[in-house]
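Biologist: Could you take me through this model? I would like to ask about it piece by piece.

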Amino acid sequence: MSSTERPLRPEPSRPAAIRELPRPAVGHSVELRDLNAYYGQRHAIKGIDITFAPNEVTAIIGPSGSGKSTVVRCINRMHEEVPGARVEGSVLLDGEDVYDPRVDVTQVRRLIGMVFQKPNPFPTMSIFDNVASGLKLAGTRGAELRERVDRSLRAVGLWDEVSDRLGAPGVSLSGGQQQRLCIARTIAVEPEVILMDEPCSALDPVATLRIEELMAELKQRYTIVIVTHNMQQAARVADTTAFMLDGQLVEHGETTKIFTTPDDERTERYVTGKFG
Amino acid sequence: MEGSAIAAAPRVLAAGPGARRRRAVNRLMEAVSTLAAGLAVAVLGLVVVSVVVKAAPAISFRFITTNPQISPFGANTGGIANSIVGSLILVALATAMSVPVAVLIAIYTTEFAGGRIGALIRFALDLLNGVPTIVTGLFVFGILVLGARQSGWAGAIALAIIELPIVARSAQEVLALVPSSLREAGLALGLRRWRIVLRIVLPTALGGLITGSVLGVARVAGETAPLLFTTSTFSNLGLTTSPSQALPNIPITIFGLSESAAPSDHAQAWAASLVLILFVLLLSVVARALHERSRRRIRE
């Protein structure tokens with residue numbers, strides 16, 4: 001299918017592509033224990049305890065300023081890059097605390113990947129180099145590099161669209177394609193967990209749908225945590241949903257339950273649109 | 001317009017009182033600012049035209065390709081080839097010394113330093129930028145020439161000290177323009193800071209860095225005062241390329257030719273000025289073209 005005659009409703013992505021990726025023996029879980037995060041004096045995340053189950057999509061919803069993005073940035077230790085920011089508590093990846101002083105932070109980030117709200121492919125690199133960037137700058141070369149790039153592009157459903165122009169600049173793609181390129185770049189380094197911070201909010205509905213379908217496949221390989229302000233999206237893609245308010249975790253449960261019969265009154269008021 | 005009762009008052013779209021005066025003031029301001037802009041362009045044009053006119057008798061291909069030959073009357077019957085070569089060498093050495101250091105300073109302040117240290121360094125660079133070039137020349141004279149002798153190295157170092165803050169400040173601005181989302185993407189992939197700077201930030205900022213460097217070159221190409229103390233007495237009239245000796249250069253040559261008694265030398269001084277102006281003009285045009293290209297790139 002050429003890119004000029006894309007149907008209004010995209011074809012379902014090829015499930016086979018995801019299975020070409022190396023299969024992990026067992027899924028990976030992330031547990032947050034008494035997580036607190038500060039921006040200088042401001043106490044942004046107040047004592048969060050939550051477990052993200054392996055090979056599931058967990059959505060974090062909540063009003064602006066509730067701390068959703070801060071929480072995921074604590075998981076892959078991006079929060080500490082902000083001057084004056086600090087974290088207390090533990091984030092356990094399969095039982096190992098990523099904040100242990102003996103841990104190498106770059107290794108943490110290789111295992112816990114992140115996709116950002118605005119697609120950010122590297123502008124000076126081609127499509128191929130973008131996907132390869134995590135690998136190349138860590139030493140992978142030659143045939144193995146090419147193979148992993150191919151697999152990643154297939155897994156995100158971009159291969160058919162770009163295989164004839166891998167040398168074109170990464171920024172020459174459309175917004176939705178760029179975001180899938182960023183996802184390919186993230187999975188090329190073979191992480192265990194993928195964090196997504198409102199990955200579709202800058203995209204049109206068609207591109208959004210494609211990425212949501214991609215998520216359904218990606219969870220076979222990875223544990224996914226997605227921050228979203230779009231409750232319908234959470235209802236569509238997430239197995240479990242967590243509701244946050246003012247830096248605290250209000251409720252976490254199966255998505256259908258959260259949206260139909262939540263335990264907490266604040267959750268109910270949020271999902272029925274009474275505030276936020 | 002008086003506010004009137006509810007339904008009856010008609011809407012008036014015509015101008016109220018004072019509109020004519022406001023329009024006149026507006027037109028006056030437009031005229032004044034256009035005149036000011038025109039004045040700036042006119043001054044530039046005047047300078048270029050007068051240099052061209054006065055240089056006409058002396059400028060020629062021979063002028064730029066022959067070394068000076070002093071006639072028995074003391075006039076230069078040759079050209080200024082050795083000065084052109086000398087200037088190119090001095091500027092090249094100065095740039096080779098200052099640009100890498102300037103870029104490293106910029107990388108340090110934008111990527112690694114805290115806010116306070118970064119501000120301090122920026123302030124220091126601005127101060128260095130404001131030091132009169134004759135003071136810089138005197139400083140280098142005191143350190144390198146006094147007790148030794150004049151040399152191209154001393155001249156190049158003086159020029160490098162002048163070029164450094166220009167390139168560094170420009171590089172800082174350019175690096176700060178690289179979107180932080182690119183750095184975040186690199187960090188999220190598990191890349192180390194230096195790798196991110198070298199492979200992602202610098203390539204993205206390359207166009208702007210080159211523009212800043214070219215502007216720095218354009219600035220020092222015409223500096224005279226620092227060269228006055230460091231490389232102004234030339235031992236011979238032939239081509240000198242070794243920086244361990246005083247290198248002939250265009251600004252000092254202009255100075256020397258203008259002091260001479262022979263009117264033909266004066267024409268040569270103008271011609272040398274024309275060469276210098278053209279060189280700087282060319283660099284500025286190149287810098288602008290690169291700037292446009294890099295701006296388009298980052299906007300994507």
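Biologist: In strand 9 of chain A, what is the bridge partner of Ile60(A)?

Modeller: This is a predicted model, where local features need pLDDT of at least 70, side-chain atom pairs count only at pLDDT 80 or more, and totals for chains, interfaces and linings use all residues. Residues are numbered from 1 along each chain as its sequence is written, and chains are lettered from A and ligands numbered from 1 in the order in which they are written. Strands are DSSP runs of E, at least two residues, numbered from the N terminus. Strand 3 (residues 57-61) of chain A runs parallel to strand 9, joined by 4 bridges; the partner of Ile60(A) in strand 9 is Ala242(A).

Biologist: Why is strand 9 of chain A largely enclosed by the rest of the structure?

Modeller: A residue is buried if 20 or more other C-beta atoms, placed from the backbone, lie within 10 Å of its own. Thr240(A), Ala242(A) and Met244(A) point one way, Thr241(A), Phe243(A) and Leu245(A) the other way, and all are buried. Strand 9 (residues 240-245) is largely enclosed because the buried count is 6 of the 6 residues.

Biologist: Which residue takes a positive phi in the hairpin of strand 9 and strand 10 of chain A?

Modeller: Strand 10 (residues 248-254) of chain A runs antiparallel to strand 9, with 6 bridges. Leu245(A) has Gln248(A) as its bridge partner. The hairpin has 2 residues between the strands, and the one with a positive phi near 50 degrees is Asp246(A).

Notes
Buried ≥ 20, exposed ≤ 12 C-beta atoms within 10 Å, placed from the backbone. Pairing = 2+ DSSP bridges.
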